[in-house]
Amino acid sequence: MSGQAVFDPDRAVEWSKAGKQVILVREETKPDDVHGFYASVGVLTSRGGATSHAAVVARAIGRPAVVGAEALQIDYNTRTARVGDVVIKEGDWITIDGFTGNVYVGKVPTIEPKLPPEFFEFLDMADSVSVFEVRANADTPDDATIARRFGAKGIGLLRTERMFRAPGRLDLFRKVILSDNPSERKELLDQLAEMMKKDFLEIFEIMEGYPVTVRLFDPPLHEFLPNFEELVTEVTRARTLGKPDPEKERLLARVKALMEANPMMGHRGVRVGITYPEIYAAQVKAILSAALELKRKGKHIELQIMIPQVAEVRELEIIINNVVKPTAEEVFKAYGDRIDFKIGTMMETVRSCLTADKIAKVVDFMSFGTNDLTQAVFSFSRDDVENKFMSKYLELGILPYDPFVTIDEDGVAKLMKIAIDAARSVKPNIEIGICGEHGGDPDSIKILARVVGRGLNYFSASPYRVPVARLVAAQESLKILGRAPKIHIY
């Protein structure tokens, strides 16, 4: 893909709106950069690997990406990138090849690929013998459209955090986080709920007739606040000039209070729902309101609400009984109608897997979030591992492969088997799936089919990985069913 180089996500959005085709060039990307991904036709980073933030997001939304181009020296101040004597200035055209990792100066002629009808016919044949469903992970209506086009049988993971970052909403959500007044937070969240309802309306309608699993808020709250270092600089400058800014001082204090030593294992997921139940209540209100409005139009909506990062069954019971069900009753009363929906959890902590029999008693479904589960099992931080020592571990044969790319057979997959067996011992027909990045990796599907077999009901993959997931799921199904052809090599 060819585009003009830009060095920050806001500039990418600005240029894209002006009709320019841009490639986002960064040292590495973070959740705050996602709006720049959607505005760009490709992504280039100097740090990271196959499971870095840039790679995962680019793969999920179908953007070509080259990550970990370590020879690339990026200077944000001059808005340039350098490789040896070659200098790329902002606005210069570059071309990236996500298959080879090559980066070219200038435009390289390309041909738009088109899928023949046989492609879809072949995958339908694959589905006809598969014992597994394939669903899709999604953030936006575009993701849902692509997933449906590629034959996904539902959304296995609808991430909602991007809805809070959309234009016009981030400022509102920041006010929610900064407020110490519960009633003020509720008033702001009611406004956000009405905005989010529009997203749900569109996505639910696209996936009509198929299940849509909506994950409630998951990331740490500080990710939605201004950058700490930038705030420190602004506050210090104001003090130095003798004009302290009370609002900035308050904001800095709040950001500092919310910062955590290890945010991926801190105040996130269900823990946010426990401490700020009004955030989850607002989401449930938006979800069910959208579903009921579509029901009025004669649409059939299969809705599932998923609670993330659970480690103790009491967390689930509190959220279900004190937040989800009471909010649902309020919405049903307001609309004068009801809709059936399922409540489930994301299995991504070791403790949830080891207590899956208790958890299964209070939920309708489970879905393994294998990205976080892998971090928990190895005590690895995914991004740090990629940047610091994974390549050395692979080079020395300490690990046979990157466990964030392909599921760890001896640890994570075995833990999943323990959890599945425990859950099905108390609720044999409970729906169980996988919605981590491994759900679209062919080798991971093969390993899980071998280790847990029909204990899983479905794999959920990034939209562009749905076709290969359907194919491999069918191949493994033939083995499970004893119908795999014997291949003779002469």
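Me: Which residues in helix H4 are buried?
Reply: In H4, which covers residues 117-129, the buried ones are Leu123, Ala126 and Val129. Buried means under 20% relative accessible area, exposed means over 50%, and partly exposed is in between, with a 1.4 Å probe and protein chains only. Helices (H or I, at least four residues) and strands (E, at least two) are DSSP runs numbered from the N terminus.

Me: Where do those buried residues fall when seen down the axis of H4?
Reply: They fall within an arc of 115°, so they line one face of the helix. That arc is taken from the directions from the helix axis to the C-beta atoms.

Me: And what do they pack against?
Reply: Helix H21 (466-480) is what the buried residues of H4 pack against. Contact here means heavy atoms within 4.5 Å. On the other side of H4, Pro117, Glu121, Met125 and Ser128 are exposed.

Me: Before I go on, what sort of model is this?
Reply: It's a predicted model, where local features need pLDDT of at least 70 and side-chain atom pairs count only at pLDDT 80 or more, while totals for chains, interfaces and linings use all residues. Residues are numbered from 1 along each chain as its sequence is written, and side-chain values use heavy atoms, leaving out hydrogens and water.

Me: OK, zooming out. How many helices and strands are there?
Reply: The chain has 21 helices and 17 strands. Of its 490 residues, 52% count as buried.

Me: What about the overall dimensions?
Reply: The C-alpha trace spans about 70 × 65 × 45 Å along its principal axes. The radius of gyration is 23 Å, which agrees with the value near 23 Å for a compact globule of 490 residues. That radius is taken over C-alpha atoms, and the globule rule is 2.2 Å times the number of residues to the power 0.38.

Me: Switching topic: what's up with phi at glutamine 309?
Reply: Its phi is near 60°, a positive value in a residue other than glycine. Most residues other than glycine have a negative phi. Glutamine 309 sits in the loop between strand E13 (302-307) and helix H13 (313-335).

Me: Is glutamine 309 buried or exposed?
Reply: Glutamine 309 is buried, because its relative accessible area is 4%. Serine 379 also has a positive phi, near 55°, but serine 379 counts as exposed at 65% relative accessibility. You'll find serine 379 in the loop between helix H16 (370-378) and helix H17 (382-388).

Me: Now arginine 169. Where is that?
Reply: Look in the loop between helix H6 (161-165) and helix H7 (170-178). Arginine 169 counts as buried, at 10% relative accessibility.

Me: Which residues does arginine 169 touch?
Reply: Not counting residues up to four places away in sequence, arginine 169 touches Met163, Phe164, Leu192, Met195, Met196 and Asp199.

Me: Last one, glutamate 437: which residues is it in contact with?
Reply: Leaving aside neighbours within four places in sequence, glutamate 437 is in contact with Val56, Arg59, Thr370, Asn371, Ser462 and Arg465. Glutamate 437 is in the loop between strand E16 (431-434) and helix H20 (442-451), and counts as buried at 7% relative accessibility.

Me: And how far apart are glutamate 437 and phenylalanine 164?
Reply: They are 22 Å apart in space, C-alpha to C-alpha, and 273 residues apart in sequence.
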